[in-house]
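Reader: Please take me through the terms as they apply here, and set each value against its cut-off.

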Amino acid sequence: MIRTAAPIRHEGHARPDDAQALNAFAARAAHSLGTGVGLAAGYAALLRESSAERLGAEGLAALDGLEGGLDRVRLFVEDLLELAVVEAAPVHRAPVRVDAAVAAAIDSLAEPIAEAGVGVEIGPLPDIVADAGLLERLFRHLLRGALAAIEPGSGRIAVSGTRHPGGARLQVTDNGPALAAVDVHSLFEPFALPRGSGRLAGAGVSMAICRRIAERHGGSTSAHSHRRGGCAVAVLLPGAA
Amino acid sequence: MTGVLVCEDAPDMRALLRDVLDADPGLRVVGEAHDGSAALRLAGQLQPDVVLLDIGMPGPPSRDVVEGVRRVAPSAAIVVLSGYGPDRLGPEASDQVAAHLPKTTDLATLRRTLREAGAG
């Protein structure tokens, strides 16, 4: 990670009432939008299946564009749904291998990782006590946030973790563009301006999902960025050791 | 061939699912239900391989529909296709569901999930 003298740092916490109201909104919005997106994407896929020959190259290119746009909305809707699920899911704490959670998260992102030509460096990771499903979601969103931010071809992402008597600290670092102070402060807010503008940026709720997962474990998130570039997002999980 | 009972209250979504499933040689729509009561009645009458279930339809609560389908069509797999997350069903009913897919699921995944669920 590139370090300069003046990192910009922010820790994220949500008020419980805000989180519940957002959860209710996210669930309703995901339900309403999901049906519309499902219909549009379904008929686009049927059109491709049944009429590809008649559409010709020009028609297929237009269909590619249509499906690309729908795919972005799909990810947006699924992010909303995930925000609601993370809020409502019971937390089952048990001993869990962090390296397995990271591997599963990387596996779920194999396609965008390959497209970006990015190397994910995995450092030593401790075994901790946490909810295995939520931990995998946590890393999926941390990695997705980093992937959305980095430059294809020259991106680097590093995953690390340490355990101490009070808990565990898990961190994902990337070499994407530096974040302005205002963006660091809003990084963990729902619908924050996402890092990057590609498909993976989604609804801008990935970091909010990370924060809620940390909070549901009694923990917190923090981020720091440097003027010369790069961002590190850390998750503190007390009692996880 | 996997016989699927489509349970969905939105007519346009039901029509899409019918088109999507009928275009797959391994799947066949054996019936359509527009609410929870019809889902229970048709599941018992038709004994489908798979019940494709929207949750949040009019009629009995979704968790009651899941438990009712288990009772009237014990060999049918239940695949939920919904804009709601699994939390809407609660843990006990969720455990009786073979798969829970968002409505944004792509066709290939939907068809594969239904075939696999029908195959047990």
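Reader: Why is A:Arg74 called buried?

Author: A:Arg74 has 24 other C-beta atoms within 10 Å. A residue is buried if 20 or more other C-beta atoms lie within 10 Å of its own, exposed if 12 or fewer, and partly exposed in between, with C-beta atoms placed from the backbone. A:Arg74 is therefore buried. This is a predicted model, in which local features need pLDDT of at least 70, side-chain atom pairs count only at pLDDT 80 or more, and totals for chains, interfaces and linings use all residues. Residues are numbered from 1 along each chain as its sequence is written, and chains are lettered from A and ligands numbered from 1 in the order in which they are written.

Reader: Where does A:Arg74 sit, and which residues is A:Arg74 in contact with, leaving aside neighbours within four places in sequence?

Author: A:Arg74 belongs to helix 1 of chain A (helices, H or I, have at least four residues and strands, E, at least two; both are DSSP runs, numbered from the N terminus). Beyond four places in sequence, A:Arg74 is in contact with A:Val37, A:Ala41 and B:Thr104, where contact means C-beta atoms, placed from the backbone, within 7 Å. From A:Arg74 to A:Ala30, 44 residues apart in sequence, the C-alpha distance is 9.6 Å.

Reader: What makes B:Gln45 partly exposed?

Author: B:Gln45 has 13 other C-beta atoms within 10 Å and is therefore partly exposed. B:Gln45 lies in helix 2 of chain B. The C-alpha atom of B:Gln45 is 8.6 Å from that of B:Ala73, 28 residues away along the chain.

Reader: Why are helix 2 of chain B and helix 3 of chain B called roughly parallel?

Author: Helix 2 (residues 36-46) and helix 3 (residues 62-72) of chain B pack at about 15°, with their axes 9 Å apart. The axes are lines fitted to C-alpha atoms, for helices over the stretch in contact, and angles run from 0 to 180 degrees between N-to-C directions. Angles under 35 degrees count as roughly parallel, over 145 as roughly antiparallel, 65 to 115 as roughly perpendicular and the rest as oblique. Helix 2 and helix 3 of chain B are therefore roughly parallel. The residues making the contact are B:Gly36, B:Ala39, B:Leu40, B:Ala43 and B:Gly44 of helix 2 of chain B, and B:Val65, B:Gly68, B:Val69 and B:Val72 of helix 3 of chain B. They divide into 6 nonpolar, 3 polar and no charged (Ala, Val, Leu, Ile, Met, Phe, Trp, Tyr, Cys and Pro count as nonpolar, Asp, Glu, Lys and Arg as charged, and the others, Gly among them, as polar).

Reader: Are helix 4 of chain A and helix 6 of chain A roughly parallel or roughly antiparallel, and why?

Author: The axes of helix 4 (residues 132-149) and helix 6 (residues 206-216) of chain A come within 9 Å and cross at roughly 150°. The two helices are therefore roughly antiparallel to each other. Their contact includes A:Leu138, A:His141 and A:Leu142 of helix 4 of chain A and A:Ile209, A:Cys210 and A:Ile213 of helix 6 of chain A. By class, the contact has 7 nonpolar, 3 polar and 3 charged residues.

Reader: How do you know that helix 6 of chain A is largely enclosed by the rest of the structure?

Author: In helix 6 of chain A, 9 of the 11 residues are buried, so the helix is largely enclosed. Among the buried residues are A:Met207, A:Cys210, A:Arg211 and A:Arg212. Just after helix 6 of chain A, A:Gly218 has a positive phi of about 80°.

Reader: What makes A:Leu142 buried?

Author: A:Leu142, in helix 4 of chain A, has 28 other C-beta atoms within 10 Å and is therefore buried. Leaving aside neighbours within four places in sequence, A:Leu142 is in contact with A:Val172, A:Cys210 and A:Val233.

Reader: How many residues are in the largest nonpolar core?

Author: The largest nonpolar core has 102 residues; such a core is a set of buried Ala, Val, Leu, Ile, Met, Phe, Trp, Tyr and Cys residues joined through C-beta atoms within 7 Å. The largest share, 16 residues, comes from helix 1 (residues 16-88) of chain A. Those with the most contacts inside the core include B:Val51, B:Leu53, B:Val69 and B:Ile78. Beyond four places in sequence, the contacts of B:Ile78 include B:Val51, B:Leu53, B:Val69 and B:Gln96.

Reader: How many residues does each chain give to the contact between the two?

Author: Chain A gives 22 residues and chain B gives 18. On the side of chain A there are 14 nonpolar, 5 polar and 3 charged residues. Across chain A, buried residues make up 42% of the 241 residues.
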